[in-house]
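Student: Could we go through this structure together, one topic at a time? I would like to start with single residues and work up from there.

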Amino acid sequence: GPIRSGRTQDILLLGSLNQPLFMWSGGNGNVTRAIEGSDFVNLSAQRSSVYGPAGFFRSNERRNPHDLYASTTAAWTLAPEGAGPPPQQFLYRPAGVLPVGEATAGVDLVMDGLPVEWRFDTGLRAYMRSNGGVPHNDQLSGQVSTENVIIMFVDYQPSPADARSPEAQTIGAGEAWVFTDGVLIRGTWSRNDRLSAVVLHDEAGATIPLTPGRAFIELARVATANAIA
């Protein structure tokens with residue numbers, strides 16, 4: 001945690017993960033009906049039958065609404081019988097194979113007014129995340145890091161559930177920047193439907209392989225990112 005409210009864009013974003021366990025704090029009536037009608041396993045904190053079994057609790061170290069947490073271990077027990085893992089989402093390079101791209105230190109971007117910075121740590125071989133120049137720290141594991149940063153430049157439209165809520169359009173195609181092992185690979189992203197994984201292609205049309213490990217995806221508005229040499 002903290003666990004926050006659901007959005008209609010979650011249904012679009014997470015459809016390729018094979019009917020995932022979806023832990024969320026709740027939402028307005030339109031969002032709730034949309035998620036309840038989706039193929040997600042609905043682990044809403046608003047459902048009394050789920051609250052205890054999923055290990056939801058309020059932390060006294062944070063202010064509401066940023067104080068809702070749950071137990072991942074408990075959530076796994078609520079997976080339907082026969083549930084399986086999601087399919088592989090990306091292509092990865094074999095161990096020891098280096099990527100080909102522009103050498104970069106990382107990227108700066110603005111996410112709806114929030115300055116975000118990713119910088120490549122050559123010792124850890126990972127990208128470290130900061131917000132407005134301040135390290136973005138996880139309470140247990142320290143500064144947020146990842147082996148791959150994927151910038152998907154997307155359009156935002158008003159959510160059908162709430163016109164005040166922006167919804168990232170992640171079906172279709174657009175520009176993509178892939179930061180991996182200290183280089184930037186420019187290309188495109190594409191996705192046929194909500195059940196399909198995102199496909200990343202370089203400027204020559206080949207699928208972009210990632211560094212084995214984690215991938216952090218930023219859904220950025222067009223022209224809001226700047227690669228750092």
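Student: Is E61 buried or exposed?

Tutor: E61 is exposed, because its relative accessible area is 60%, where exposed means over 50%, buried under 20% and partly exposed in between, with a 1.4 Å probe and protein chains only. Keep in mind that this is a predicted model, in which local features need pLDDT of at least 70 and side-chain atom pairs count only at pLDDT 80 or more, while totals for chains, interfaces and linings use all residues. Residues are numbered from 1 along each chain as its sequence is written, and side-chain values use heavy atoms, with hydrogens and water left out.

Student: Where is E61 found, and what does its side chain make a polar contact with?

Tutor: E61 sits in the loop between β3 (57-58) and β4; strands here are DSSP runs of E with at least two residues, helices are runs of H or I with at least four, and both are numbered from the N terminus. Its side chain makes a polar contact with the side chain of Q139 at 3.4 Å. A polar contact is a pair of N or O atoms within 3.5 Å; within protein, one must be able to donate a hydrogen and the other to accept it, and residues adjacent in sequence count only if both atoms are side-chain atoms.

Student: What about S71, where is its place?

Tutor: S71 is in the loop between β4 (68-69) and α4 (72-76), and it counts as partly exposed because its relative accessibility is 26%. Its side chain reaches the backbone nitrogen of A74 at 3.0 Å. Leaving aside neighbours within four places in sequence, S71 is in contact with A54 and G55, contact meaning heavy atoms within 4.5 Å.

Student: How far apart are S71 and F120?

Tutor: S71 and F120 are 49 residues apart in sequence and 31 Å apart in space, C-alpha to C-alpha.

Student: Changing topic, which residues have the most contacts inside the largest nonpolar core?

Tutor: They are M152, V154, W189 and L200, in a core of 16 residues. A nonpolar core is a set of buried Ala, Val, Leu, Ile, Met, Phe, Trp, Tyr and Cys residues joined through side-chain atoms within 4.5 Å. Strands β13 (148-154), β16 (172-180) and β17 (183-191) each supply at least two residues of this core.

Student: What is L200 in contact with?

Tutor: Apart from neighbours within four places in sequence, its contacts include F90, I150, A176, V178 and W189. There is also a second, separate core of 15 residues, and V107, Y127, V144 and A220 are among them.

Student: Why would such residues gather like that?

Tutor: In soluble globular proteins, nonpolar side chains tend to be buried together.

Student: Now the pockets: how much space lies in the largest one?

Tutor: The largest pocket holds about 1,400 Å³. Of the 33 residues that line it, L13, F216, I217, E218 and L219 are the closest to its centre. On a 1 Å grid over the protein atoms alone, a pocket is an open set of points where a 1.4 Å probe fits, with protein on both sides within 12 Å along at least five of seven lines, and lining residues have an atom within 4 Å of a point. Grid points are joined across faces, edges and corners, and the volume is the space filled by probe spheres set on the points.

Student: Which element gives the largest share of that lining?

Tutor: That is β19, with seven residues.

Student: And what is the volume of the second largest pocket?

Tutor: Its volume is about 320 Å³, and of its 15 lining residues the closest to the centre are L17, N18, Q19, P20 and L21.

Student: What is the phi of N18?

Tutor: N18 has a positive phi of about 65° although it is not a glycine, and it lies in the loop between α1 and β1 (21-24). At 36% relative accessibility, N18 counts as partly exposed.
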